[in-house]
Amino acid sequence: MNKTLQSLKLTFLHCGYSKLDSSWDYDNVISPFSRLYLVTKGTARMYHSYEQFDLEPGHIYLIPSFTYSRYQCQDHLELYYIHFTEEVGDRLSIYDMKDFKYDLEADEQVFIYFKKLIHLHPKRYLTEDDPSVYDNRKFMAETEKKNELLSAKSFIETHALLQLLFSSFVQNSKSFKLNIRNDFHEILSYIKEHLHEPLTVADLAAHSNLSADHFSRVFQQKFGIRPSKYIQTVRLERSETLLLTTNNTLAEIAGKTGMGTISYLSRMFKIKNGITPGAFRKERPGG
């Protein structure tokens with residue numbers, strides 16, 4: 001396992017400090033990157049990984065990538081934030097390999113780490129609080145370019161700080177064997193791990209020993225989104241990430257995301273984004 005973890009790559013995207021109000025109210029957020037929130041003032045509510053979290057000052061929270069999330073602030077919330085991507089090997093995510101805590105009490109050292117990252121990257125803050133604006137477009141490629149311009153000292157220090165903060169959430173090893181009957185939530189990890197395969201609602205229902213109708217109903221009750229819609233959303237999210245961060249051909253991306261053919265990938269991509277995958281890729285710096 002440790003040999004596999006040697007390939008863990010954390011890529012820094014954004015950090016900053018936000019003052020939020022009741023306009024921070026977003027549903028159906030499924031981001032291709034992870035978030036760390038360190039709350040300093042106020043309260044809010046967050047839902048992900050089949051759990052509800054009541055955000056409170058002095059706590060640090062982890063929100064995994066490619067996970068359905070819901071955010072809601074009724075009054076006022078202030079927090080430090082860090083966005084980053086994680087990668088282990090070809091298709092695996094560390095979230096599929098390890099169990100995580102998502103809510104920890106922050107000590108003084110955590111505040112120092114957050115402030116140090118902001119000091120290192122004073123201009124890498126978000127100008128917009130709406131996740132739909134910054135989640136999935138060319139900002140990821142632009143961020144990669146900014147990382148390449150960092151000095152060796154800043155690059156190494158940034159990665160070390162990310163590792164220190166991220167590692168505090170890691171728990172015991174996770175079993176790769178799916179057991180939906182005991183933990184229905186494992187289906188989300190299964191979908192992400194097998195995204196390149198021809199997943200259908202009927203297949204997923206069979207894994208959980210449920211009828212397709214009952215499976216769909218329970219899935220939507222638990223996660224707030226239909227399983228077919230969730231699969232399609234994650235496939236499109238991952239295709240965007242591959243378009244921005246790799247030189248894979250459209251055929252390769254269609255295969256890796258389970259979209260099957262270039263024509264189907266292009267059609268669904270244009271419905272979601274209003275442009276073709278090729279045009280989307282050309283928007284990235286150097287595209």
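Helices are taken here as DSSP runs of at least four residues, numbered from the N terminus. In this predicted model, Phe215 and Phe219 are four residues apart in helix α9 (residues 212-223), and are therefore separated by about one helical turn. Their rings form a tilted aromatic pair, and both Phe215 and Phe219 are buried.

A search of the whole structure finds 11 aromatic pairs, and another of the tilted kind is that of Tyr80 and Phe114. Because Tyr80 lies in strand β8 (residues 77-87) while Phe114 lies in helix α3 (residues 108-120), this pair ties together parts that are 34 residues apart in sequence. Tyr80 is buried, with a relative accessible area of 14%, and Phe114 is buried as well, with a value of 1%. Together with Tyr17, Tyr80 and Phe114 form one aromatic cluster.

| Aromatic pair | Centre to centre | Angle between the planes |
|---|---|---|
| Tyr80 and Phe114 | 6.2 Å | 50° |
| Phe215 and Phe219 | 5.9 Å | 40° |

Turning to nonpolar packing, the largest nonpolar core holds 46 residues, of which Trp24 and Ile82 touch the most other members. Strand β8 gives the most to this core, with six residues. When neighbours within four places in sequence are left aside, Trp24 is in contact with Tyr37, Ala44, Leu55, Tyr71, Gln72, Cys73, Leu77 and Asp129.

Key
Residues are numbered from 1 along each chain as its sequence is written. This is a predicted model: local features need pLDDT of at least 70, side-chain atom pairs count only at pLDDT 80 or more; totals for chains, interfaces and linings use all residues. Side-chain values use heavy atoms; hydrogens and water are left out. Rings of Phe, Tyr and Trp (its six-membered ring) pair if their centres lie within 6.5 Å; planes under 30 degrees apart count as stacked, over 60 as edge-to-face and the rest as tilted. Helices (H or I, at least four residues) and strands (E, at least two) are DSSP runs, numbered from the N terminus. Buried means under 20% relative accessible area, exposed over 50%, partly exposed in between (1.4 Å probe, protein chains only). A nonpolar core is a set of buried Ala, Val, Leu, Ile, Met, Phe, Trp, Tyr and Cys residues joined through side-chain atoms within 4.5 Å. Contact means heavy atoms within 4.5 Å.
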